[in-house]
Protein chains: 2
Amino acid sequence: MSALAPGSVIGILGSGQLGRMLAVAAAQLGQQVHIYSDATGPAFDVASRHTVGSYEDTKAIAAWAREVDVVTYEFENVPLAAAAAAAAEKPVRPGARALEVAQDRLVEKQFVASLGLPVAPFATIDSDADLTHALQQIGTPALLKTRRFGYDGKGQVRIAAPSDAATALDQVGRAPAILEGFVDFEYEVSVILVRDLGGNTVSYDIPINTHVDGILATSTVPSPLPSSIASKAVEIAERIAGALDYVGVLAVELFFVGADAEAPLVVNEMAPRVHNSGHWTLDACPVCQFENHIRAVSGWPIAPTDRSVDAVMTNLIGADVNDWQALAADSDTCLHVYGKREARPGRKMGHFTSVSPKTQS
Amino acid sequence: MSALAPGSVIGILGSGQLGRMLAVAAAQLGQQVHIYSDATGPAFDVASRHTVGSYEDTKAIAAWAREVDVVTYEFENVPLAAAAAAAAEKPVRPGARALEVAQDRLVEKQFVASLGLPVAPFATIDSDADLTHALQQIGTPALLKTRRFGYDGKGQVRIAAPSDAATALDQVGRAPAILEGFVDFEYEVSVILVRDLGGNTVSYDIPINTHVDGILATSTVPSPLPSSIASKAVEIAERIAGALDYVGVLAVELFFVGADAEAPLVVNEMAPRVHNSGHWTLDACPVCQFENHIRAVSGWPIAPTDRSVDAVMTNLIGADVNDWQALAADSDTCLHVYGKREARPGRKMGHFTSVSPKTQS
């Protein structure tokens with residue numbers, strides 16, 4: 001369980017903005033970065049090496065893994081065969097079990113429920129009959145979600161009434177799906193937890209998150225979450241991380257239903273990686289989520305997560321990034337632009353964090 | 001005077017740790033970086049492109065400059081011909097005059113003195129006779145320094161008595177030199193100033209600096225400098241920056257002689273670049289010196305320099321970096337390792353910043 005000395009090579013699967021910010025954090029600690037990606041991406045700009053190849057090409061993945069000291073990833077849809085090919089060569093952190101759970105909504109729900117943690121009622125949907133039956137059990141409104149490859153609100157449809165069932169199945173392409181009961185929540189929060197090789201954990205202050213069109217819009221710290229509930233949220237994330245023998249940053253999104261509810265918090269979903277709702281840590285904490293992830297996967301001690309300032313992180317989606325000049329001129333704003341060539345609608349192009357003196361410890 | 005949009009290419013001359021930290025800051029703002037260097041260096045790891053070539057090769061410099069949008073540099077010994085070749089193609093920021101002044105101690109002293117700012121007594125030394133005469137005028141102890149290529153205490157000799165003169169000239173290789181009178185100072189401080197294209201300036205809190213073997217050892221904020229003197233220090237740096245029509249980060253090292261002295265502050269030397277004594281800004285300020293330099297040379301608004309925490313920056317010289325594991329485990333420490341392959345004695349390998357709650361605003 002020795003720590004990887006500076007100069008070691010962190011292999012990162014994926015070349016998006018999360019990989020980019022991980023690569024920068026690795027560089028700060030003196031680590032080298034070798035990205036593996038199926039396409040050119042913004043992480044290439046700040047990585048010492050990169051390899052372009054298919055995530056299905058297990059031979060190429062294995063060859064790449066032989067040239068790095070540890071493998072991590074910036075997205076949860078890494079094929080399990082790729083993770084296995086890498087794991088045959090070098091440690092993969094977080095491990096394959098975290099991928100397996102996080103890349104299938106059904107497996108994830110079953111896993112979280114098996115830990116005795118509260119989740120929305122759910123059912124497996126493979127046919128019209130399944131859906132009809134599930135809607136009778138779970139009621140409406142409900143959400144039909146594909147089991148795989150859903151993110152940023154993609155692959156999900158709201159079902160207002162049983163008569164919407166067939167249309168909804170068509171809308172998700174009749175892919176294997178789950179039906180989730182609607183949770184009447186006050187707001188969403190997320191726990192950004194870090195777990196090291198020895199099983200020690202730290203968590204950042206919990207942000208409250210808002211979404212627009214299914215995409216994260218803002219994350220704000222401090223959140224209005226009562227502190228006793230915040231402790232419960234951290235316990236939930238620790239349970240999940242412990243059960244996965246997790247190493248690195250784990251994000252757990254939770255619905256806050258109300259302090260007096262039987263289950264005040266309901267687990268929405270998890271991401272086995274650094275997370276958009278933790279981007280404010282770049283500007284508000286001495287050690288951000290990206291550095292703590294690199295520390296953890298390098299076998300280093302993880303660092304405290306103390307927050308120095310209050311912060312509101314706002315995503316720049318698509319053409320929002322064209323406001324860079326006004327944002328650069330705002331004196332309380334830390335601007336981050338991801339270096340993507342084309343500002344397509346719905347694409348995360350950057351974010352900014354508005355900081356202010358800390359009001360709450 | 002338009003600002004360079006994200007996606008523009010910042011050309012940086014030099015591939016050391018300062019270039020590396022500039023490249024990271026540029027990436028955060030969505031800028032591309034193209035390094036030009038005469039050798040592989042740690043900045044290559046985090047730059048989208050790099051070109052290896054001689055700094056004397058003005059054709060290669062010009063070709064490189066044509067591929068970038070603005071040229072800056074991380075070291076002051078960029079040959080003036082290289083700066084001119086680049087300037088024929090693209091804006092060079094800071095400008096060539098700053099280089100001309102900063103790379104020759106005689107020119108620098110004359111320039112600073114011409115602004116009416118206090119400097120140590122100095123004389124041009126081209127011969128034994130010059131030195132004998134100068135020692136009579138200036139007295140001992142005094143410092144004999146080569147005019148060019150001195151840094152980290154290199155190229156300078158202390159003269160305790162006139163009888164040391166010939167030996168001292170031998171020790172500096174009989175290169176063109178200056179003799180500087182000894183300044184009996186209490187301590188050294190530095191102003192890290194940023195000036196934008198429109199002539200607006202901001203300065204970070206002034207650190208007190210200590211040196212070991214001529215190399216910066218620590219920079220600490222806040223310094224004990226009385227606030228009225230700190231204001232004078234900033235005015236001095238602003239005078240220098242204004243006279244050079246400077247764009248970017250300028251470091252001015254000053255001796256604090258005493259609040260009651262006729263000239264409480266004496267200008268020691270300047271560096272037309274980001275500076276080691278400003279590294280603490282990475283961990284103690286929302287916008288660090290590196291980002292503000294990139295903002296300024298990109299024609300962007302410069303950002304406030306507010307400090308969130310107290311900070312002590314300590315350099316890791318040579319084998320010091322082998323302590324990385326203990327430093328990584330220290331919860332109040334932000335560790336930075338530069339990714340240099342070999343920890344040679346006297347080489348700057350990294351630094352760490354110890355942060356604590358702010359005690360003084």
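Predicted model: local features only at pLDDT ≥ 70, side-chain atom pairs only at ≥ 80, totals over all residues.
Student: How many helices and strands does the secondary structure of chain A come to?

Tutor: Chain A is divided into domain 1 (9–92), domain 2 (121–181) and domain 3 (187–357). Its secondary structure comes to eleven helices and 17 strands.

Student: What radius of gyration does chain A have, beside that of a compact globule with 361 residues?

Tutor: The C-alpha atoms of chain A fill a box of roughly 60 × 50 × 40 Å along the principal axes. For 361 residues, a compact globule would have a radius of gyration near 21 Å. Chain A agrees with this, its value being 20 Å.

Student: How far apart do the C-alpha centres of domain 1 and domain 2 of chain A lie?

Tutor: Domain 1 of chain A covers residues 9–92, and domain 2 covers 121–181. The distance between their C-alpha centres is 34 Å.

Student: Which residues have the most contacts inside the largest nonpolar core?

Tutor: In soluble globular proteins, nonpolar side chains tend to be buried together. In this model, buried residues make up 54% of the 361 residues in chain A. The largest nonpolar core has 238 residues, and those with the most contacts inside it are Leu254(A) and Leu254(B).

Student: With which residues is Leu254(A) in contact, leaving aside its neighbours within four places in sequence?

Tutor: Neighbours within four places in sequence are left aside here. The contacts of Leu254(A) are then Glu188(A), Val189(A), Ser190(A), Val191(A), Ala233(A), Ile236(A), Leu265(A), Val266(A), Val267(A) and Asn268(A).

Student: Why is helix α10 of chain A described as largely enclosed by the rest of the structure, and which residues of it are buried?

Tutor: A residue counts as buried if 20 or more other C-beta atoms lie within 10 Å of its own. Nine of the nine residues of α10 (residues 289–297) of chain A are buried, so the helix is largely enclosed by the rest of the structure. The buried residues of α10(A) are Gln289(A), Phe290(A), Glu291(A), Asn292(A), His293(A), Ile294(A), Arg295(A), Ala296(A) and Val297(A).

Student: Which residue with a positive phi follows α10(A)?

Tutor: The helix spans residues 289–297 of chain A. The residue that follows, with a positive phi near 75°, is Gly299(A).

Student: Is Arg174(A) buried, exposed or partly exposed?

Tutor: Arg174(A) lies in the loop between α7 (165–171) and β8 (177–181) of chain A. Its phi is positive, about 55°, although it is not a glycine. With 14 C-beta neighbours inside 10 Å, Arg174(A) counts as partly exposed.

Student: Is Asp213(A) buried or exposed?

Tutor: Asp213(A) is placed in the loop between β11 (208–212) and β12 (215–221) of chain A. Although not a glycine, Asp213(A) has a positive phi of about 55°. Having 10 C-beta neighbours inside 10 Å, Asp213(A) counts as exposed.

Student: What is omega for the cis peptide bond that joins Thr140(A) and Pro141(A)?

Tutor: Pro141(A) sits in the loop between α6 (128–138) and β6 (142–146) of chain A. The cis bond between Thr140(A) and Pro141(A) has an omega of about -5°.

Student: How far apart in space are Gly173(B) and Tyr187(B), C-alpha to C-alpha?

Tutor: Gly173(B) is found in the loop between α7 (165–171) and β8 (177–181) of chain B. Gly173(B) is exposed, with 9 other C-beta atoms within 10 Å. It and Tyr187(B) are 14 residues apart in sequence, and in space they are 30 Å apart.

Student: By class, what residues make up the side of chain B that touches chain A?

Tutor: In this interface, 35 residues of chain B are in contact with 35 residues of chain A. At least two residues of this side of chain B are supplied by each of α1 (17–28), α11 (324–329), β16 (333–337) and β17 (348–357). By class, the side has 21 nonpolar, eleven polar and three charged residues.

Student: Which C-alpha of chain B is nearest the axis?

Tutor: Chain B can be laid on chain A with an RMSD of 0.0 Å by a turn of 180° and a shift of 0.0 Å along the axis. The two copies are thus related as by a two-fold rotation axis. The C-alpha of chain B nearest this axis, 1.9 Å from it, is that of Val46(B).

Definitions and conventions:
Residues numbered from 1 in each chain as written. Chains lettered and ligands numbered in written order. Contact = placed C-beta atoms within 7 Å. Helix = DSSP H or I, 4+ residues; strand = E, 2+ residues; numbered from the N terminus. Nonpolar A, V, L, I, M, F, W, Y, C, P; charged D, E, K, R; others polar. Least-squares fit on C-alpha atoms with pLDDT ≥ 70 in both. Domains from an automatic or database assignment. Core = buried A, V, L, I, M, F, W, Y, C linked by C-beta atoms within 7 Å. Buried ≥ 20, exposed ≤ 12 C-beta atoms within 10 Å, placed from the backbone. Rg over C-alpha atoms; globule rule 2.2 N^0.38 Å.
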